Structure formats: structure tokens, C-alpha cells
Amino acid sequence: MTDSDGAAAGAGDDAEESPELPADLDAVRDALVDWYEADHRDYPWRRTEDPYEVLVSEVMSQQTQLDRVVPAWDDFLDEWPTTADLAAADRADVVAFWSDHSLGYNNRAKYLHEAAGQVEDEYGGAFPEDPDGLSDLMGVGPYTADAVASFAFNNGDAVVDTNVKRVLYRAFDVPDDDDAFERVASRLMPAGESRVWNNAIMELGGVACGKKPRCDEAGCPWREWCHAYQTGDFTAPDVPEQPSFEGSRRQFRGRIVRLLGEHDEMELDALGHRIRVDYAPDGEHGREWLRGLVDDLAEDGLVEAEARSDGEVVVSLRR
């Protein structure tokens, strides 16, 4: 790895605006990669270069602890092992799987299903191999596009998630600014090695440089350069707090999808009584509240609500 190659992304004005980095970037890079390759968490998606399998892992990991993702990832790929299998599946079954495995927002299941259809219909079953092409897939944002391009094709840019921001903030005193994080991450990453590099720096944030740092216990490879280690200031960038799941609209949306996965259809009031013990049609959490949840899910393309001739509203998963 040469410093001139890896620093190309930080050349020019952007480099001048970046925090001062160690003079020997090759030593910094080699230390991290050697640390990662010597020992790291052995998640199954780190043993594959199949872009579909990588994409499934990335979408599942967005709101779920990695140890909980492993069995869900295995089950999902057992059920739908290829994009062709997933594209041909009933979307209601995919959404029900997502809900049953408590994988966060159910519209991610819908997007994954639609992305599989795009790969089959628009790309002949072969994934785009660069971040720009991957970003055209439904539900794939810049971070996920870089992650899939990196881990499947070794062709991504530097990924910047919460863990990476925390590492850069502490190690190199990078200001809490998204543009600064992007510039420094790009400058640090050695050219042509996005697969191992992005895995390694995210592992560093997950294992050694978490909310509670474990510098010595985890043998952090950047201690000799780390600003936080030298100063004892282990503050971290501000991260918006995740709203409480208990009692949230998201929780009740999930309950609706889960119930409808078990029934062909349900009348609105029957659905309300099943998802909330204090449901009262004319109460605070009654028909108006429930219809709002159903309408949200309908806008996301997950459910359908139909008024029958007798005036009752019947709700079902969208097939």
C-alpha cells in the first residue's frame, strides 16, 4: 500500500481542510489491517462475496444487533436463496418474515423484495458492481451501496457509519461534521482495498472503540496515534437517540403486520382489540388512531384496507 495512492481521495482543497493525520499513513493502515486479519468476529456474511447475501445482511443490520441478525440471515437465505427466489416470492410472506424476526421497519422487507425484482428484471440477475449502480436499487442508500460494493466486489468507497465516526473523532480529532468524516475516511482508505479496510475500521469501532472504549483489552492498533488515548478524552460524536420502541407507532405497526400474516383479513375493530388491550373504538386509541396506522402501512404498500357494503373496514396484507 502506498500513501500516495491512498491519499488521492484527500488531495487538493479537501485534504487541506481535513484534520492533520499521522505522517506515515501506511503504518496506520497496516496496523489496522493486521489487527483485523489476526482476529475478528466471524459473521457468516464476512465469508461470502455474493452481493445478494451481503445486501440481505446490510439491510437486516440497520436496526438489529448483529448477533440477532445471524439466525435471521440464515433463515432468510434458506427460504429465498437467490434474488430470483425472492423476486418470485409473495411480498406478504417476506414482510411477515421480517416482522416475525423483529428486524425493524417492515418497509425494509418491501424494499429488499423490490430490489430483488430490479436485479432480475433490469440487470438480468446480476448486481451492479459500483456504488452508483447499486444506489439505483430500491431502498439502497449511499452507505449500503458502498458496503455492498466493498464487501461483494472490493469496489466501494469508504463507509462511514456511527462506529466509523466515533473512531475517527477519537483517533484523529476529526470534528463532528459529516463532510469532515467523509473526507478523512476516504483519505485513510488504501486504494483498491475497500473490502478489508471497511470491515476492519467498522470492527475497530465495534470491538475496541465502542461507547465504552476497550483500548488495551482489545489491543487497539491505533493507540500510538490516537488523540483520545493520549489525552484521556473519550467523548464521542453526538448520535441522535433512538426513540423508545415500547408503545411506539412502530411497535403497533409491527403487531398489525404480524397478525395479518396469520389471517387472510381482519375487520378493523377485531384488529384493534388484538394489538392493544386498551383498544376502544371511540377512545383515545380507537378507530381513528388505528386507521392512521393502517393508512401509514397502506402508503408503504404493505397492507390494503377495504370498506365492505355493511360499512365494516377489512384489512389484509397486500399480496
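I started at a strand pair: Ala-307 has Val-313 of E3 as its bridge partner. Before going on, I noted that this is a predicted model, where local features need pLDDT of at least 70 and side-chain atom pairs count only at pLDDT 80 or more, while totals for chains, interfaces and linings use all residues. Residues are numbered from 1 along each chain as its sequence is written, and side-chain values use heavy atoms, with hydrogens and water left out.

**Sheet.** I looked up the pairing of E2 and E3 and found it antiparallel, over 5 bridges. Two strands pair here if DSSP finds at least two bridges between them. Helices (H or I, at least four residues) and strands (E, at least two) are DSSP runs, numbered from the N terminus. E2 and E3 make a hairpin with 5 residues between them, and Gly-311 in the turn has a positive phi of about 95°.

Next I checked the order: it is E1-E3-E2 in an open sheet of 3 strands, with antiparallel pairing. E1 (266-267) and E2 (303-307) are the edge strands, each with a single partner strand, so one side of each has no neighbour in the sheet. E1 is joined to E3 (residues 313-317) by 2 bridges, and Met-266 has Val-315 in E3 as its bridge partner.

**Helices on the sheet.** Helix H15 (residues 249-262) packs on the sheet and touches E1, E2 and E3; contact means heavy atoms within 4.5 Å. Its direction makes about 85° with that of E3. Helix H17 (residues 287-299) also packs there, touching E2 and E3, at about 125° to the direction of E2. Axes are lines fitted to C-alpha atoms, for helices over the stretch in contact, and angles run from 0 to 180 degrees between N-to-C directions.

On the H7 side, the contact is made by Arg-91, Val-94, Val-95 and Trp-98. H8 brings in residues including Leu-112, His-113 and Glu-114.

**Confidence.** Mean pLDDT (the predictor's confidence in each residue, from 0 to 100) is 88 for the chain, and 92% of its residues reach 70 or more. Over residues 1-16 pLDDT stays under 50. Where pLDDT is low, the predicted coordinates should not be read in detail.
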